[in-house]
Amino acid sequence: MGMTDVLIVGAGPTGLVLACDLARRGVAVRIVDRSPVPPRTSRAKGPNPRSLEILDDLGVAEEVLAAGSDPLPMLKYRDRRPVAEADPWADSAPSPDARYGRGWLIAQWRLEGILRDRLAGYGVRVEPGREVVGLAQGRDGGGGGHVDVTYADGPAGRARYVVGCDGAHSSVRKLLGITFEGTTAEDQVMVCGDVDLADGALDRTRWHQWFDEDGAVMLCPIPGTRTGWWFQAGPERDGRGRPLAPTADGFRRLLAHHTALPGRALTRAELLSTYRVNVRMADRFRAGRVLLAGDAAHVHAIAGGLGMNTGIQDAFNLGWKLGLVLAGHADAELLDTYEEERLPVAARTLDLTSERLRATLEAIRRPGGGLDAAITPDTTGLGVGYRWSSLAAGGPAPGAEQPGPRAGDRAPDAPCADAATGERTRLHRVFAGPRTTVLGFGPGSAAVLRETADAYGGDAGVRVCRVYAAHEDRAGAEPGAVVDDAGHAAAAFGTGASGDTGAGTVVVVRPDHHVGVLAPADDARSVREYLRRLHGTGRSAERSPGMVDAVR
């Protein structure tokens with residue numbers, strides 16, 4: 001039986017992002033899904049700014065932007081008449097430290113198609129109709145371990161690691177016996193579907209929301225379609241007040257009841273589903289060689305649109321750690337930091353979304369209230385960090401509040417220029433691809449960068465980048481160096497405009513764009529110890545010939 005490095009169960013956005021990240025590292029990856037064909041779901045309305053940065057790193061952001069649209073202003077009605085308009089994104093614009101100021105509207109199946117195409121470029125295809133029914137962890141003679149995987153039909157498989165990205169009803173989680181604690185609010189119910197409305201029935205530049213005392217209907221145009229809309233509504237109920245299952249005719253009755261449109265304006269309805277507010281979390285995200293990500297690990301209220309985004313961000317946290325462990329650079333303990341970092345984020349997301357849902361339910365009781373109550377700066381994902389993590393090394397002395405990120409925070413972006421060619425680039429471009437980056441600010445950082453390049457040079461896992469201030473002499477700049485010509489990088493990292501006498505600062509940025517170390521440039525030891533933990537000792541460590549460089 002052939003062994004694969006990582007078997008991913010579930011080919012939604014979480015599984016696909018993880019597969020792309022692993023495949024570009026040269027990891028042998030398989031991805032299976034129990035569905036015989038890719039599901040056409042419209043559950044998620046699109047990536048938030050942090051997810052867009054991740055999709056950018058994976059090389060698919062341009063395609064995602066082309067296939068979707070800006071998030072739309074919300075037009076709110078009461079008693080069939082428009083009463084208010086709100087654009088919760090009106091003030092969000094790109095900034096030097098964050099290229100994406102707002103999320104993006106795209107059908108989930110379009111996003112999944114783009115990720116499947118990217119994955120196919122690495123020679124990996126989703127294997128449909130493969131349902132996992134058994135997992136058994138074993139040890140090899142050589143001290144390594146594996147997981148034996150049984151499928152509902154077809155031959156068994158074996159993998160070094162298995163990741164369950166198979167949704168809220170995860171078979172992987174159930175097979176592990178991991179509890180999924182939480183609540184299901186049986187009374188908080190919504191019916192959803194993809195519908196077609198008669199051409200011209202409604203203005204497609206708005207997300208229309210009818211909130212009445214006795215229910216609600218929301219219609220959002222699906223980008224890339226001419227007459228397609230996402231339909232969400234409070235359900236019809238029977239005589240005893242129990243919610244009825246969604247049907248096309250039921251949708252027509254809801255439309256006629258709440259809006260000024262006749263029921264017949266709805267010409268097609270499919271992908272009908274009932275959504276109940278579920279707030280649940282796995283009590284652990286790892287059991288030996290099996291890990292959980294996305295909805296398999298946590299589900300929460302829909303408010304703020306964080307479900308798919310939290311999963312994509314789980315995958316991006318896990319991918320590089322699996323890659324470094326499988327390459328033999330890092331100890332398997334590195335995988336413990338996945339749960340250490342992401343479980344508290346999931347717990348906080350559960351609280352945040354429940355709070356946003358409460359705020360939204362409160363808002364829609366008043367005419368003019370609507371879903372904009374769910375959108376807050378918290379929902380961009382840009383503020384999520386891991387300061388508590390054992391991978392957040394050192395930091396400023398307590399009480400020394402300084403500008404810029406701390407260890408564990410997302411590393412900011414900044415526009416800059418290539419030192420050799422003068423071409424425009426950005427720090428997140430420098431970080432892109434499956435590598436750890438060591439940034440050096442100020443002349444004093446040259447020695448650490450040289451030592452790092454000597455130790456890890458030629459190993460695609462670590463790169464160094466000297467960030468020159470506009471006034472610095474760049475003669476003899478190493479390839480890959482950048483010029484912080486407008487001072488945005490120094491401002492973002494709080495390194496100040498170090499003059500030629502400044503000791504300088506060195507920053508280790510993890511492959512998922514989070515700061516690992518931020519230290520004075522003369523603290524070579526912190527950098528050395530951190531890199532050793534992730535990448536082994538460098539030149540003496542085994543080479544991993546399978547590294548695939550980032551697609552630029």
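**Figure 1. Helix α1 against helix α4 in the predicted model.** In this predicted model, helix α1, which spans residues 13-23, and helix α4, which spans residues 108-120, have axes that come within 9 Å and cross at roughly 20°. Since angles under 35 degrees count as roughly parallel, α1 and α4 are therefore described as roughly parallel to each other. The crossing in which α1 passes α4 is left-handed. On the side of α1 the contact is formed by Pro-13, Leu-16, Val-17, Ala-19, Cys-20 and Ala-23, while α4 contributes Gln-108, Glu-112, Leu-115, Arg-116, Arg-118 and Leu-119. Sorted by class, the residues of this contact between α1 and α4 are eight nonpolar, one polar and three charged.

**Figure 2. Helix α1 against helix α7.** Helix α1 also packs with helix α7, at an angle of about 25° and with the two axes 8 Å apart. The pair α1 and α7 is therefore roughly parallel as well, and α1 passes α7 in a right-handed crossing. From α1, the residues that make the contact are Pro-13, Thr-14, Val-17, Leu-18, Asp-21 and Leu-22, and from α7 they are Met-308, Gly-311, Ile-312, Ala-315, Phe-316, Leu-318, Gly-319, Trp-320, Leu-322 and Gly-323. The contact of α1 with α7 comprises 11 nonpolar, four polar and one charged residues.

**Figure 3. Helix α2 against helix α7.** Helix α2, residues 49-57, packs with α7 at an angle of about 45°, and their axes lie 9 Å apart. The two helices, α2 and α7, are therefore oblique to each other, and the crossing of α2 past α7 is left-handed. In this view Arg-50, Ser-51, Ile-54 and Asp-57 of α2 meet Asn-309, Ile-312, Gln-313 and Phe-316 of α7. By class, the contact of α2 with α7 holds three nonpolar, three polar and two charged residues.

**Figure 4. The largest nonpolar core and the surroundings of Ile-8.** The largest nonpolar core has 109 residues, of which Val-6, Ile-8, Val-64, Val-163 and Leu-322 touch the most other members. Helix α7, residues 307-326, supplies the largest share of this core, with nine residues. When residues up to four places away in sequence are not counted, Ile-8 touches Gly-15, Leu-18, Ala-19, Leu-22, Val-29, Arg-30, Ile-31, Val-32, Val-163 and Cys-165.

Figure 5. Leu-105 lies in the loop between strand β4, residues 81-86, and helix α4. With a relative accessible area of 6%, Leu-105 is buried, because the cut-off for a buried residue is under 20%. Leaving aside residues up to four places away in sequence, Leu-105 touches Lys-45, Gly-68, Ser-69, Asp-70, Leu-72, Cys-220, Pro-221, Pro-223 and Trp-230. Although Leu-105 and Asn-48 are 57 residues apart in sequence, their C-alpha atoms are 9.1 Å apart in space.

**Figure 6. The chain as a whole, for orientation among the close-up views.** The secondary structure of the chain comprises 12 helices and 22 strands. Of the 552 residues in the chain, 55% are buried. Among the contacts in the chain with a separation of 6 or more, 70% are between residues 24 or more positions apart.

Conventions
Residues are numbered from 1 along each chain as its sequence is written. This is a predicted model: local features need pLDDT of at least 70, side-chain atom pairs count only at pLDDT 80 or more; totals for chains, interfaces and linings use all residues. Side-chain values use heavy atoms; hydrogens and water are left out. Axes are lines fitted to C-alpha atoms, for helices over the stretch in contact, and angles run from 0 to 180 degrees between N-to-C directions. Helices (H or I, at least four residues) and strands (E, at least two) are DSSP runs, numbered from the N terminus. Angles under 35 degrees count as roughly parallel, over 145 as roughly antiparallel, 65 to 115 as roughly perpendicular and the rest as oblique. A crossing is left-handed if the near helix is turned anticlockwise from the far one by less than a right angle, and right-handed if clockwise. Contact means heavy atoms within 4.5 Å. Ala, Val, Leu, Ile, Met, Phe, Trp, Tyr, Cys and Pro count as nonpolar, Asp, Glu, Lys and Arg as charged, and the others, Gly among them, as polar. A nonpolar core is a set of buried Ala, Val, Leu, Ile, Met, Phe, Trp, Tyr and Cys residues joined through side-chain atoms within 4.5 Å. Buried means under 20% relative accessible area, exposed over 50%, partly exposed in between (1.4 Å probe, protein chains only).
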